[in-house]
Amino acid sequence: MKRAGIVRINDIVDYIAAYHPDADFDLIRKAYIFSAQVHHGQTRLSGEPYLNHPLSVSMILAEMNLDEYSVSTGLLHDSVEDTHATIEELKEEFGEEIAFLVDGVTKISKLTHKSRIDRQAETFRKMLLAMSKDIRVILIKLADRLHNMRTLEFVSQKKQAAISRETLDIYVPLASRLGIFFIKKELEDLSLRYLNKKVYKEIEEELVVTSEQREKYVKEVIEIIDEKLNLFGIKAIIIGRPKHIYSIYNKMREQNLDFNQIYDITAFRIIVDERKECYEVLGILHSIWKPVPGRFKDYISLPKRNMYQSLHSIVIGPYGQRIEIQIRTKEMDAVAKHGIAAHWKYKEGRKIEQKDDHRFEWLQQIIESQKDMKDYNELLETFRLDLFPNEVYVFTPAGEVIELPKDSTPIDFAYRIHTDVGHKCVGAKVNGNMVSLRYQLKSGDVIEIMTLSNHSPSRDWLNLVKTIRARTKIKQWFKQIDREKNILLGRELCDKGFRKYNLNFTKLIKKSQFHKELKKEGIKSVDDLLEAIGRGTKSYRHILNRFLPKDVQEETTPEDKNKKVIKKQLKKDPSGIKIDGLDDILVRLARCCNPIPGDKIKGYITRGRGVTVHTVNCSFVKDINFSRSIDAKWDDHSKYLAVVTIEVVCEDKKGILANITTAISASEVNILGANVKTSPGSKAVNLFKLEISSLEQLEHIKKEVKKVKGVISVSRYRT
């Protein structure tokens with residue numbers, strides 16, 4: 001691990017000259033002089049001159065082989081935040097490009113928001129937006145964080161823990177997403193050093209104690225590999241080194257092992273000239289050492305989203321020890337170290353077109369998801385969740401590879417294909433077999449999505465999906481649907497309310513005076529007003545009174561009549577459920593478990609949507625706060641008919657479908673819809689959507705259908 005040291009401007013210039021001899025070195029020196037002037041007299045907590053920090057940040061950027069604009073920004077990145085310099089001044093001195101980069105990494109002013117979490121979230125939002133325009137913003141931010149972590153020993157223990165946790169939550173995944181692994185690894189080690197000093201020191205000491213023995217083993221393995229490769233005429237660079245401390249710690253924690261129980265602490269990297277040689281080397285190694293089953297990964301044919309390419313294999317090496325081996329070309333090795341920075345070339349002033357580059361798709365999805373987020377905590381959580389989770393590689397029926405986060409479901413897959421496919425998804429087949437929409441996809445799965453044109457998303461899908469894209473599209477759909485419903489209800493309330501005073505609401509909204517009154521209220525449009533009234537957050541009387549004489553104005557109270565009307569409207573379709581102590585509240589049945597009369601149920605209060613009723617054994621119940629639960633029971637006198645889907649697996653033979661529908665109809669049940677598909681092995685999977693009055697009736701139907709010759713199984717189908 002590197003330690004903070006003194007960096008001089010000439011060190012930076014010399015380093016850049018080695019990889020970019022045509023760089024504008026006058027620009028870099030000018031930025032250095034400006035930074036030295038504005039930071040003059042400032043010191044860090046360590047007591048060293050503050051200028052050491054921007055110099056060190058710039059050196060890290062140079063180590064990433066970045067351009068002179070990035071390096072100059074490293075020298076200037078704190079000038080606006082910590083001195084009297086302004087963005088306008090930087091723009092005048094260094095141009096718009098550097099001014100934009102500095103602004104992108106500058107924190108939001110402490111005066112902007114009251115709380116630290118709000119400032120932090122708004123800073124991330126600003127950084128995201130800047131990243132979407134120029135990825136160098138985050139590269140500079142990573143360099144800044146790395147040097148701050150190298151000098152973290154000079155702040156309080158409480159601050160050390162907070163900064164280290166933030167580093168693991170935000171900056172490590174970002175470095176990983178961008179493929180800059182030398183920064184990722186050092187940030188992980190430094191974070192562990194301050195979050196768990198005891199464990200960090202123990203692993204560090206064990207590595208020192210075993211270093212001599214390990215070096216001897218590494219030398220022996222390298223000699224064996226080198227000798228074998230020479231026989232086949234393959235020239236390669238072979239490197240053996242211990243894994244970084246955090247990765248060893250992770251393995252000890254995840255597998256509950258002690259340090260001396262880990263046998264693959266040393267990893268070997270073999271670097272060759274050509275891609276085809278990677279596979280040749282793999283074959284040679286597997287011929288001399290037995291590979292561990294299931295531990296081979298081909299990231300060359302299927303590169304990671306951060307562009308990482310390499311072959312990974314674990315073999316049983318000399319003395320029965322496991323050896324982790326990575327095989328890649330020199331170009332792949334450069335990308336493995338520098339990630340996106342390895343491809344960040346500037347020629348004739350033209351930048352990479354990010355909007356057309358699939359490598360930035362993840363960033364665009366995050367940007368899209370956070371546009372309408374007003375809750376800063378939600379923004380931070382979204383930011384954390386979507387940053388480089390473990391991935392699975394699945395296939396469309398046509399063989400196209402789709403990359404998704406670990407634990408993604410068929411719903412995530414459907415939305416990845418197209419928004420309409422996601423909205424209309426009713427089921428999925430994985431490797432030819434029907435699966436629940438809760439099924440967690442695995443690498444290699446072939447996914448086929450079944451759709452219905454009149455189908456729509458379920459709110460409960462939000463508990464299933466893992467991708468930002470799916471979550472955002474589902475929320476947008478319900479936001480639009482809820483808005484349309486509320487606008488209609490709001491208009492109905494206004495029409496009736498205004499009519500009582502011989503006022504025509506439709507004509508009034510066309511007058512300029514009406515829009516002036518809206519403007520006074522800070523309301524942008526009539527639809528926004530109607531939505532607020534329909535939702536119950538604003539009273540139509542507040543607007544009505546603007547057009548009535550004072551002596552006839554109606555009182556506006558917290559318990560407005562319009563709220564009662566809303567509740568009445570919402571209760572038009574009773575679900576046949578009684579909620580303990582509440583007679584007038586919106587009740588909806590959860591689509592995840594689809595309760596029917598006779599099921600044991602429980603109500604859960606949901607913000608803005610009344611009470612959602614689940615079966616007591618629903619998998620989502622365990623994740624819901626107990627304080628939000630409320631007793632619920634079926635109304636014995638209700639004639640409520642539940643819509644239930646049953647899945648019938650049967651032999652694929654002539655006439656069997658007619659026999660099944662006859663058995664269902666004989667139970668005096670209405671069939672609302674059917675979906676029939678054949679599957680491998682001469683079997684058919686049939687989904688029947690039925691109207692059911694009770695659990696007892698459902699069990700009777702299942703029993704009758706099972707009697708049909710050729711039926712293999714009958715079950716209640718849950719999405």
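Trainee: At what angle do the axes of helix H10 and helix H11 cross?

Mentor: This is a predicted model, so local features need pLDDT of at least 70, side-chain atom pairs count only at pLDDT 80 or more, and totals for chains, interfaces and linings use all residues. Residues are numbered from 1 along each chain as its sequence is written, and side-chain values use heavy atoms, with hydrogens and water left out. Helices (H or I, at least four residues) and strands (E, at least two) are DSSP runs numbered from the N terminus, and axes are lines fitted to C-alpha atoms, for helices over the stretch in contact, with angles from 0 to 180 degrees between N-to-C directions. H10 covers residues 157-177 and H11 residues 181-195; their axes come within 9 Å and cross at roughly 160°.

Trainee: Why is H10 called roughly antiparallel to H11?

Mentor: Angles over 145 degrees count as roughly antiparallel. The crossing is at roughly 160°, which makes H10 and H11 roughly antiparallel.

Trainee: How many nonpolar residues does the contact of H10 with H11 have?

Mentor: Contact means heavy atoms within 4.5 Å. Among the residues making it are Leu 168 and Tyr 171 of H10, and Leu 187 and Tyr 194 of H11. Ala, Val, Leu, Ile, Met, Phe, Trp, Tyr, Cys and Pro count as nonpolar, Asp, Glu, Lys and Arg as charged, and the others, Gly among them, as polar. The contact has five polar and three charged residues, and the nonpolar ones number 11.

Trainee: On to the open sheet of three strands: what is its order?

Mentor: Two strands pair if DSSP finds at least two bridges between them. E9 (residues 425-430) is joined to E10 by three bridges. E10 (433-435) and E11 (447-451) are the edge strands, each pairing on one side only. With antiparallel pairing, the order is E10-E9-E11.

Trainee: Which helix lies across E9, E10 and E11?

Mentor: Six of the eight residues in 410-417 are buried (under 20% relative accessible area, 1.4 Å probe, protein chains only). Ile 411 and Phe 413 are among them. The helix runs at about 80° to E11, and its name is H19.

Trainee: Which residues is Gly 598 in contact with, leaving aside its neighbours within four places in sequence?

Mentor: Gly 598 sits in the loop between strands E13 (587-589) and E14 (601-605). Beyond those sequence neighbours, its contacts are Trp 634 and Leu 695.

Terms used
Buried < 20%, exposed > 50% of the residue type's maximum accessible area, 1.4 Å probe, protein only. Parallel < 35°, antiparallel > 145°, perpendicular 65-115°, else oblique.
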